[in-house]
Amino acid sequence: MGYQYDDQNIFAKILRGEIPSEPLLETEHALAFEDIRPQAPTHVLVIPKGPYVCYDHFAQEATDAEIVDFTRAVGEVCRRLGLERSGWRLIANAGADAVQEVPHMHVHILAGRPLGRMLEPAG
Ligand code: 5GP
């Protein structure tokens, strides 16, 4: 099947500078910025700059350099925000069942309050 990347998504526009953003961190292959609708006191998105739809697309097709850079960027955001003190959660939504809204690979970093259990029971 394979993933088809649509470059009209909102994060592609942020990466092209068509929509302003204030990055918390920019690396060679990744960008981190605050979520526009935060669900916790800390809610940061980390995205790769490359055209990947979701986490498994990225994990399958990104170069080693992109994957290392992205993973280090997540670590650097955690370090800068001091998240090791109280804990945090990393979420990657992919596709319909996970209600992925933006079809550009991203992870959510959530922290700053007790986050509850990982999943609510299916309703
Ligand atoms: P998803 O459900 O795809 O994992 O999450 C997408 C996230 O992107 C949502 O939490 C949403 O609030 C965030 N988001 C959508 N549009 C924008 C935007 O224009 N700027 C920022 N900073 N975040 C956005």
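Me: What makes R16 and E18 a salt bridge?
Reply: The closest N and O atoms of R16 and E18 are 2.6 Å apart. A salt bridge is a side-chain nitrogen of Lys or Arg within 4 Å of a carboxyl oxygen of Asp or Glu, so R16 and E18 qualify. One caution first: this is a predicted model, where local features need pLDDT of at least 70, side-chain atom pairs count only at pLDDT 80 or more, and totals for chains, interfaces and linings use all residues. Residues are numbered from 1 along each chain as its sequence is written, and side-chain values use heavy atoms, with hydrogens and water left out.

Me: Why is R16 called partly exposed?
Reply: The relative accessible area of R16 is 40%. Buried means under 20%, exposed over 50%, and partly exposed in between (1.4 Å probe, protein chains only), so R16 counts as partly exposed.

Me: How many salt bridges does the whole structure have?
Reply: A search finds five. One of them joins K49 to E26, with the closest N and O atoms 2.7 Å apart. K49 sits in the loop between β3 and α2 (55–61) and E26 in strand β1, so this pair ties together parts that are 23 residues apart in sequence. K49 is partly exposed at 31% relative accessibility, while E26 is exposed at 53%.

Me: What links E76 and R80?
Reply: Their side chains meet in a salt bridge, 2.9 Å from N to O. E76 and R80 both lie in helix α3, four residues apart, about one turn of the helix. E76 has a relative accessible area of 22% and R80 one of 49%, so both fall in the partly exposed range. E76, R79 and R80 are linked in a network of salt bridges.

Me: What makes β2 and β3 paired strands?
Reply: Two strands pair if DSSP finds at least two bridges between them, and β2 (residues 30–34) and β3 (residues 42–48) have five, in the antiparallel sense. Strands themselves are DSSP runs of E, at least two residues, and helices are runs of H or I, at least four, numbered from the N terminus. Across this pair, A32 stands opposite V46 and E34 opposite V44.

Me: How do you know that β1 pairs with β2?
Reply: Two bridges join these antiparallel strands, so the count meets the requirement of at least two. E26 stands opposite L31 in β2, and a hairpin of three residues joins β1 to β2.

Me: Why are β1 and β4 called edge strands?
Reply: The open sheet has five strands in the order β1-β2-β3-β5-β4, with antiparallel pairing. β1 (25–26) and β4 (89–91) each have a single partner strand, so one side of each is left without a neighbour in the sheet. Helix α3 (residues 64–81) packs on the sheet, touching β1, β2, β3, β4 and β5 (107–111); contact means heavy atoms within 4.5 Å.

Me: What makes β2 largely enclosed?
Reply: Four of the five residues of β2 are buried, so the rest of the structure largely encloses this strand.

Me: Why do C54 and C78 count as buried?
Reply: C54 has 2% relative accessibility and C78 has 10%, so both are below the limit for buried. A search of the whole structure finds zero disulfides; a disulfide would be a pair of cysteine sulfur atoms within 2.5 Å.

Methods:
Axes are lines fitted to C-alpha atoms, for helices over the stretch in contact, and angles run from 0 to 180 degrees between N-to-C directions.
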